[in-house]
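Hi,

Here is the structure I said I'd pass on. Have a look first, and my notes follow below.

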Amino acid sequence: METLAMHISNGIINGPVAAAFGVIALAALTVCVRRGRLDLDDRLAPMAGLVAAFIFAVQMLNFPIFTAGVSGHLLGGALAAMLVGPWVGALCIAVVLVVQALVFGDGGVAMLGLSITNMAVIAVAVAYLLIALLLRVLPRTTTGLAVTAFVAASVSVVVAAMGFVVQYWLGGTADLGGNLAGLAGTMAASHLFIGIGEGLITATTVVTVAKVRPDLVYALRKPAASATIATVGGVR
Amino acid sequence: MGAGHAHVLYRESDSPVHRLPPEVKIVAMVAFTVAVVATAREALWAFGAYALLVAVVAGLARVSARWLLVRSTIELPFVLFAFALPFLGAGERVDLLGLSLSAEGLYGAWNILAKGTLGVWASLLLAATTTTRDLIVGLDRLRCPQILTQIAIFMLRYLDVLVGEARRMRIARLSRGDDPRFLWQLRGFAAGVGSLFLRAFERGERVYLAMLSRGYTGRMPAVWPGAGAATAGQWLVGATVPVLAGAVAATAAVLT
């Protein structure tokens with residue numbers, strides 16, 4: 001999201017911290033590759049590609065946030081978790097980030113571990129936990145699904161932004177002194193707005209897909225698949 | 001969609017850099033970036049040396065300095081952050097042009113500016129000399145897990161599907177009397193984002209099934225082991241840039 005928070009440019013965070021998060025990201029992705037292989041069937045393969053392409057396109061839209069020269073963009077963690085599941089979802093976002101870093105220079109290559117940890121691992125994990133929880137609690141209606149998508153998207157965005165603040169606290173190359181709280185505040189406030197936008201887009205997309213092709217929504221597939229489709233989906 | 005799968009940043013040419021196998025270029029680019037990031041920010045001369053390396057490679061790849069500079073504007077938000085640092089930063093202050101600036105913040109700004117710019121230049125050079133297909137081939141040859149390359153292949157393919165579908169929906173709206181201007185275009189787009197996704201998926205699913213029925217097994221044909229995998233000589237040629245960068249980084253580490 002933020003250019004700052006999410007796509008971290010080379011040199012913003014120091015080497016050792018970047019390397020440590022690189023190891024964390026690599027470990028997390030290894031788990032995702034293992035688990036994701038089990039998930040990736042004929043229906044999920046094109047869906048994973050499309051989710052990645054969609055997120056790629058959406059991340060290109062940057063919203064300038066007027067304080068502190070930061071810009072933000074949508075993240076897509078909740079959308080990915082909803083449509084292709086946590087494992088493949090995290091991989092989709094990681095692929096988007098790697099291609100952006102390699103081809104567009106968007107986010108430093110040496111900082112990929114940090115970005116992947118924030119956007120692919122933390123955001124997707126938070127989103128999926130919320131989705132699993134809310135789908136259980138909320139009524140299985142279209143509204144319930146929309147609320148789930150909205151909340152998961154908004155919260156995951158803010159948490160991912162806080163991931164950047166923690167990383168900056170651990171290894172920011174410029175000492176902000178007492179301004180770290182200010183950074184955290186700016187990040188939280190700006191990402192709250194982005195989170196709302198992201199929540200709306202995620203909710204509309206997921207609800208449309210669930211109405212027409214409920215079989216494509218991963219989050220609806222596992223728990224009591226048949227009952228879910230009947231209530232949320234209706235007829236194809 | 002029928003147009004080749006080259007991306008906007010690719011500069012068609014037949015330079016020595018273009019001819020290097022993609023996996024060599026990827027490794028060289030990543031190694032170069034790591035060397036740059038590992039360099040102490042006080043070693044100003046080292047960054048000059050890195051810039052010189054970038055310039056030499058750009059010259060060999062026949063990528064013009066102007067193109068490189070224009071494309072570097074992607075970095076602008078980071079640069080703005082960098083400019084704020086001398087004012088926000090803590091610690092010792094220095095007076096410059098009548099402004100009281102934080103020395104720590106100044107170094108921090110320089111650090112972000114120099115390392116960020118060099119990193120962007122390195123990836124732009126990779127992008128300018130490598131098609132997206134080659135990029136995936138390179139990642140595959142570097143033993144990137146197949147599930148990742150598969151997602152990447154579909155992502156790049158479906159980007160065109162998505163853009164094409166969005167264009168068709170926009171034309172459909174226009175021909176039904178919608179006349180969006182400026183920001184109001186967003187309203188139509190936002191209302192249709194769900195159906196855009198679905199339409200793109202169903203088109204993409206047909207593409208996927210067509211690929212399956214023509215023998216697609218999850219890996220691009222002739223990629224593995226594939227003709228044109230890097231030879232030892234090419235690895236050596238590709239290694240020159242990161243080795244030089246590593247030498248600069250080591251010297252800088254010794255000197256500071």
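How much of the chain over residues 78–103 of chain A is helix, how much is strand, and how many Å apart are the end C-alpha atoms? The stretch comes out as 96% helix and 0% strand, with 25 Å between the end C-alpha atoms. Helices here are DSSP runs of H or I with at least four residues, strands are runs of E with at least two, and both are numbered from the N terminus. Residues 190–212 of chain A are 100% helix and 0% strand, with end C-alpha atoms 34 Å apart. Both stretches are among those that an unreviewed UniProt entry annotates as "transmembrane region"; such annotations may be inferred rather than shown by experiment, and positions are in the numbering used here, with feature names shortened.

A word on ground rules: this is a predicted model, where local features need pLDDT of at least 70 and side-chain atom pairs count only at pLDDT 80 or more, while totals for chains, interfaces and linings use all residues. Residues are numbered from 1 along each chain as its sequence is written, and chains are lettered from A and ligands numbered from 1 in the order in which they are written.

Buried means 20 or more other C-beta atoms within 10 Å of a residue's own, exposed means 12 or fewer, and partly exposed is in between, with C-beta atoms placed from the backbone. Leaving out residues up to four places away in sequence, Cys92(A) touches Val51(A), Ile55(A) and Ile151(B), among others; contact means C-beta atoms, placed from the backbone, within 7 Å.

Over in chain B, there are 11 helices and two strands. Helix 7 (residues 132–141) and helix 8 (residues 146–175) of chain B pack at about 175 degrees with axes 10 Å apart. They are therefore roughly antiparallel (angles over 145 degrees count as that). Among the residues that meet are Ile136(B) and Leu139(B) from helix 7 and Ala152(B) and Ile153(B) from helix 8.

Arg143(B) sits in the loop between those two helices. Its phi is positive, about 65 degrees, although Arg143(B) is not a glycine, and the residue is exposed, with 8 other C-beta atoms within 10 Å.

Cheers

Technical notes: Contact = placed C-beta atoms within 7 Å. Axes fitted to C-alpha atoms, helices over the stretch in contact; angles between N-to-C directions. Parallel < 35°, antiparallel > 145°, perpendicular 65-115°, else oblique.
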